Amino acid sequence: MSLNEVLQPMSLPAWLVALPLLAAGLSVVMPRCSVWTAFFSAITTPFLVVCLGREIFFHGSIEIHVGGWQTPLGISLYADGLSTAMLGVTALVFGIVTFYARPYFSGHAVARHFWPLWLFLWSALNALFLSADIFNLYVTLELLGLSAVALVALSQTGDALTAAMRYLLVSLTGSLMYLMGVAFLYAANGTLSLKMLAIVGPASPSVVTAFALMAAGLIMKSALFPMHFWLPPAHANAPAPVSAVLSALVVKASFYILVRLWVMLFEPSIPAIVAQLLGILGMAAIIWGSVQALLAERLKLLVAYSTVAQIGYLFLVFPLSLLPQVGKTAWQGGLYFLFSHACAKSAVFLAAGTVIHTFGHDRINELHGIVRRLPVSMFAFGLAGVSLIGLPPSGGFIAKWLYLNASLSGGQWWWGVLIILGGLMSTAYIFRFFSRAFSHSEEIVGERPAPRGMEWTAFTLALCSLILGLIPGSVIKMLEIGNPF
Amino acid sequence: MTFDNWLPLLILLTSLLPGIVIFVLPEERIGWRTGLNMGGATLKLMLIGILIWGVRHEHSYETRIPILPNIELVLNADAMSVMMTALSSVLWFLTTLYAIAYLETSPQSRSRFFGFFSLCVSSTIGLALAGNLLTFLMFYEMLTLSTYPLVVFRGTPESMRAGRTYIAYTIGGGAAFLAGVAWLKALVGSVAFTEGGMLAPYVGVYATQLRFIFLLMIAGLGVKAALVPLHGWLPKAMVAPAPVSALLHAVAVVKAGAFGIVRVVYDVYGIELSGELGLLQPLAIVAAFTIVYGSVRALFQDELKKRLAYSTVSQVSYIALGASVIGPVATIGGIVHLVHQGLMKITLFFCAGNFAETTGVHHIREMNGIGRRMPWTMVAFTMASLGMIGVPPLAGFISKWYLATGALAANKPWVIAILVASSLLNAAYFLPIIYRGWFREPAESVSTESHAGLLETHWMLLIPPLITALLALLAGVLADAPFSPLEWARLIAEREYRP
Amino acid sequence: MTTEFSKKLPEIMTRRSAESLLSRSGQAMTIIGVSLLALILGYSLWTLPPFSDRMVTLVSDNMAISGVENPVTAVLLNFRGYDTLLEIGVLLLAVVAVFSIAPSPALLATSPPSPMATLLLRLLLPFVVLVGGYILWVGSYAPGGAFQAGAVLAAGGILFTTVTARWHPLANKAIPFAMGAGLLIFVLVALATMMVTGNFLQYPETRAGMLILLIEAAATMSIAVILTLLFVGGEPGEISPAQGENKHTVSFNKENRSE
Amino acid sequence: MTVPNMYALVGVGLLCMGLYGLVMHSHLVRKILALNVSGSGVFLFLVALADQTPGPTPDPVPHAMVLTGIVVAVSATALALALACRIQQVNGTLRLSDNEPE
């Protein structure tokens with residue numbers, strides 16, 4: 001059987017879920033080979049995503065019915081431009097961070113547990129982005145949440161364990177709320193398929209309740225202010241590769257579901273005030289996250305609070321997308337934020353991890369002159385910082401530009417003011433670190449060499465966030481496949 | 001895509017690519033680094049030669065890269081951008097030469113320095129070639145980011161403070177500029193630079209909004225152009241190494257701001273429309289105030305580089321002043337000053353760097369008799385200072401003359417008063433230096449011994465200021481010759497005022 | 001024990017009261033919030049449209065080709081088998097997660113097992129296995145199936161480990177395979193069916209029953225082992241019980257790596 | 001009110017009680033138990049809905065959902081308890097300490 005026969009277009013989504021899952025299972029059964037299964041996955045999965053992307057780019061979106069059962073009886077997997085783009089950014093970040101994790105954990109006892117959990121997390125994300133069934137989404141959410149929690153706890157320090165516990169409790173509560181919403185939707189409509197739910201008639205009170213429950217659960221999981229309290233400790237205390245994917249992808253996964261539900265099911269039946277409310281919470285998140293990042297004493301905590309702020313930007317998409325004529329621009333902006341933040345934030349976390357690896361701590365005030373020791377990592381930090389601030393030429397800038405356009409053309413200029421203000425605040429917290437890193441210091445204590453692999457992987461991701469700023473046309477074209485908005 | 005489509009991009013890449021390669025070069029690869037730098041710079045100069053020839057013959061060179069569905073990255077060579085590009089490339093070439101010698105003994109990473117240096121120049125070239133506001137904005141922000149590491153290059157607490165101030169001002173300005181650009185885009189849908197302006201059809205409907213947008217954009221650009229009260233970062237940024245100061249003041253940052261103001265006034269709003277909206281009078285007043293204020297502050301500085309910095313604050317506003325007076329003659333004066341000020345100011349900074357590097361002199365009070373110790377440097381310094389004051393036949397005189405006659409033509413005699421006052425002040429703060437340098441007896445403490453060898457200092461430190469001083473002289477003497485800055489400025493003005 | 005508690009009681013009481021004073025307003029808010037939620041949910045329940053029969057009809061229409069006769073099993077392993085696949089993944093993930101968090105097993109028997117317990121174990125274990133097997137088999141046409149069978153077998157496993165406080169000699173080598181078999185076989189079968197029928201998890205009609213039984217058998221074994229291990233809360237054979245509690249704090253930041 | 005609907009209401013009640021417990025208790029084991037109560041509420045709700053069909057046979061899909069949900073809940077509970085044990089070993093307390101950032 002040739003490769004072409006095995007990788008038929010219709011089987012690509014299934015492979016994307018099965019392959020990491022198989023790798024995860026194998027790495028449990030054969031712990032000695034776990035690194036190699038992970039590497040195998042890190043090479044093949046991006047390849048599969050590229051195949052899928054090519055396929056849908058030329059032939060449009062793909063829907064497959066698992067088990068051959070049509071909806072509503074069976075579960076369907078759906079790959080349009082949006083989900084493929086999400087899969088792509090997942091493959092990119094995971095693929096690169098895997099090669100960072102290898103030196104990071106090398107010789108470490110926990111590596112044995114890290115790899116299976118890592119692969120489970122990856123398969124959960126892939127399954128989540130492909131799923132077109134609200135109950136199946138619940139299962140993927142749980143797979144995602146549990147593996148993320150276990151990865152946070154991996155370093156076994158008191159802080160990490162407490163953070164993991166908090167995260168677990170929030171995550172489980174969120175899942176329960178979501179499941180209750182699923183129950184209501186199923187009771188009201190008799191189907192779990194997203195597509196079929198999208199075409200059922202006018203909203204009843206139970207559907208509104210279902211949405212409220214699901215949205216509440218997903219918002220808890222995406223750490224929107226004021227449900228963000230669990231995120232900074234969890235992301236700051238996890239091992240660096242874990243923090244990277246947590247900030248880059250895991251919080252975005254629940255946001256992705258929310259976007260899907262919003263667009264497909266709820267937009268017509270939701271009063272505009274809800275969107276405004278989400279936007280206001282996003283605004284609060286931007287301000288609060290930035291202020292906390294300015295006050296943070298540890299580098300990773302700073303980065304984690306920056307994630308809180310950036311999640312706020314994501315939620316601005318809801319009020320902006322309701323504005324007349326610029327809805328599409330707003331969605332593009334929001335998703336562009338998501339992609340560029342994924343690349344940039346993972347790069348920043350990896351660089352911060354390298355700092356800790358090299359100096360044994362990440363207390364910002366004691367990190368003078370580290371740019372001489374870790375030039376590549378700091379360059380990566382800087383490039384990614386450019387994207388986080390939203391300066392050109394970077395993915396973050398494109399996102400900001402699209403948002404600004406939407407808000408100014410749509411007549412709600414105050415969001416634009418907020419976006420610019422947020423950019424200034426992120427400049428402040430990023431340069432707060434940089435002004436230490438660049439300063440001259442004769443002696444830098446407690447150092448050990450940073451593996452080159454760790455430095456260059458961070459750099460590659462940062463470069464990706466920059467490249468995103470140069471190719472927005474094709475990314476946006478990709479997003480429009482299957483017309484998700 | 002033909003060569004004509006590629007040329008602007010190629011010119012950009014001749015500094016961008018070497019810059020990127022230099023980052024990854026190991027520290028000790030000096031030969032490679034120098035080769036890359038100088039090779040890139042030479043290639044760039046050659047390409048620009050082609051560009052100058054073509055643009056003069058109304059040939060159009062344009063690179064268009066679509067980035068978003070309704071907006072493109074445009075690199076476009078018109079007369080104005082060619083002038084700025086040529087200026088920055090020539091000066092980049094010389095500054096690189098200078099910096100190689102200057103940093104020979106620096107403890108900090110030179111790969112980092114030259115990498116960011118190249119990025120900095122690439123950004124300047126990019127914004128010079130930008131064909132619309134978005135492209136301009138992109139390179140404008142890139143410039144901010146690539147200069148920060150240069151400003152804080154020494155890593156001392158003082159330079160870190162300067163870096164913080166610099167970032168606070170420029171990022172703030174960038175945000176204001178971004179807001180203006182985005183607003184304009186939302187309002188009229190186009191942000192392209194068009195000779196003679198492109199907003200005339202909208203003025204009836206959106207007059208108020210357009211005024212606010214102008215304010216935002218000028219505020220954003222004014223930060224880099226160091227318009228009072230947005231000039232605070234510039235004197236502090238003096239802590240940077242001399243080649244960086246030279247670049248900051250003569251080519252890159254300050255010029256980017258001034259160039260942006262010229263672009264916005266002429267190619268976005270159009271000079272007539274700006275006048276109609278009543279935007280030019282306030283700009284002229286701010287510029288005039290900056291000119292006087294900068295000169296007065298310069299008068300009281302004892303540190304040489306600080307005095308030069310305040311002098312920059314003052315001199316750059318001539319450009320803004322030229323842009324805010326309606327009429328082709330004033331336009332010529334403002335635009336030609338872009339080049340003239342660059343040549344003269346970079347000479348001054350090279351010389352200041354030489355003094356500091358060779359004899360350790362940082363303050364004016366220590367400069368007694370330095371002309372005997374370093375005659376060549378002092379000759380260059382004297383020529384540039386006289387040019388700044390506006391002594392004929394040096395370059396500075398040409399700019400001031402055109403500004404003055406332009407102001408008369410536009411019926412704004414008060415501008416002449418400003419120019420005279422400024423020239424007097426210039427003389428007041430430059431002449432004492434020259435006098436000390438040539439005619440005062442050197443103090444005992446300063447050694448009069450010559451630098452080892454034939455020359456007073458390293459030849460790579462000496463050649464660049466002499467060349468730039470010579471260029472400043474030639475720009476004045478041969479002002480009427482073809483391809484002189486003045487002649488080119490006339491070309492620009494002619495095209496701007498073309499009906 | 002009791003006396004110690006009574007000594008601590010006043011302290012506990014005072015702390016309680018202080019806490020409760022502080023949190024009284026929080027408590028009130030929570031009560032209001034939760035009751036509001038209950039009211040909203042109750043109201044939404046009230047306004048639910050009549051439940052449709054569509055799914056029941058669909059399931060019964062397709063029972064004939066599902067390979068099993070029990071509708072719930074058909075949904076679990078055929079119509080929505082993909083959910084179950086991921087769910088087995090969740091189980092395996094959970095046990096790896098527990099291993100990573102609690103590296104020391106809690107098999108700490110201080111005294112040799114009592115003869116009564118041993119006897120009970122010997123009597124019960126065969127029945128447990130038998131019942132588990134039966135439940136697995138019966139699942140295809142009546143309530144039952146892999147999870148129920150796995151749970152019963154896990155009860156046997158828990159009984160064994162608690163009474164004997166040791167692992168079966170085979171355990172160390174076999175346990176990883178037993179844990180992973182359920183997921184691996186499920187995924188491999190799913191991929192194999194995709195090769196044959198062109199669709200992920202679409203069983204060839206004639207083989208559906210057999211394949212489902214294969215998946216279920218593997219799943220039963222894995223579920224039994226995993227549930228037992230989750231109860232024990234640690235990885236077998238890594239650290240001997242004698243070492244007991246060792247504070248095994250790992251930090252990536254310090255030099256305590258074993259390179 | 002039909003009988004199954006009452007079960008569903010009880011399910012709602014359990015969910016809310018569990019949420020209350022989750023918020024109000026600081027002891028980790030209580031929190032975990034509270035979550036399980038909530039979970040049971042949701043499962044009860046689902047099973048009650050399955051019996052709402054007009055015909056005589058209940059809907060098997062919610063049953064399957066509940067079975068899946070239970071397995072997930074078991075896994076989550078095991079993980080939570082293991083975490084709680086470890087927290088007690090390392091921090092010496094079974095409460096989430098209050099003195100960490102945020």
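Residues are numbered from 1 along each chain as its sequence is written, and chains are lettered from A, with ligands numbered from 1, in the order in which they are written. Because the model is predicted, local features need pLDDT of at least 70 and side-chain atom pairs count only at pLDDT 80 or more, while totals for chains, interfaces and linings use all residues; side-chain values use heavy atoms, with hydrogens and water left out.

**Contacts between chains**

Contact here means heavy atoms within 4.5 Å. There are 4 pairs of chains in contact, and chains A and C share the most contacts among them. Chain B does not touch chain C, the nearest C-alpha atoms being 27 Å apart. Chain B does not touch chain D either, and there the nearest C-alpha atoms are 27 Å apart.

The table sets out two interfaces. Buried area is the accessible area (1.4 Å probe) that two parts lose on being put together, summed over both. A salt bridge is a side-chain nitrogen of Lys or Arg within 4 Å of a carboxyl oxygen of Asp or Glu. A polar contact is a pair of N or O atoms within 3.5 Å; within protein, one must be able to donate a hydrogen and the other to accept it, and residues adjacent in sequence count only if both atoms are side-chain atoms.

| Interface | Buried area | Share on carbon and sulfur atoms |
|---|---|---|
| Chain A and chain C | about 6000 Å² | 71% |
| Chain C and chain D | about 3400 Å² | 77% |

The contact of chains A and C takes 69 residues from chain A and 63 residues from chain C. In chain A, the residues losing the most area to chain C are Trp69(A), Leu73(A) and Gln156(A), together 12% of what that side buries. The rule finds 1 salt bridge across this interface: the side chains of Arg80(C) and Asp133(A) meet at 2.7 Å, N to O. There are also 9 residue pairs in polar contact between chain A and chain C (both at pLDDT 80 or more).

Between chains C and D, 42 residues of chain C are in contact with 38 residues of chain D. On the side of chain C, Leu45(C), Phe51(C) and Ile101(C) lose the most area to chain D, together 20% of what that side buries. This interface has 0 salt bridges by the rule and 3 residue pairs in polar contact (both at pLDDT 80 or more).

Two packed helices are described by the angle between their axes and the distance between the axes. Helices are DSSP runs (H or I, at least four residues), numbered from the N terminus. Axes are lines fitted to C-alpha atoms, for helices over the stretch in contact, and angles run from 0 to 180 degrees between N-to-C directions. The axes of α6(A), residues 134–152, and α7(A), residues 158–189, come within 9 Å and cross at roughly 175°. The two helices are therefore roughly antiparallel, a term for angles over 145 degrees.

**Backbone features**

Phe225(A) and Pro226(A) are joined by a cis peptide bond, with omega about 0°. Pro226(A) lies in the loop between α9 (205–222) and α10 (231–237) of chain A. Another cis peptide bond joins Pro392(B) and Pro393(B), with omega about 5°. Pro393(B) is found in the loop between α16 (375–389) and α17 (395–409) of chain B.

Methods
Angles under 35 degrees count as roughly parallel, over 145 as roughly antiparallel, 65 to 115 as roughly perpendicular and the rest as oblique.
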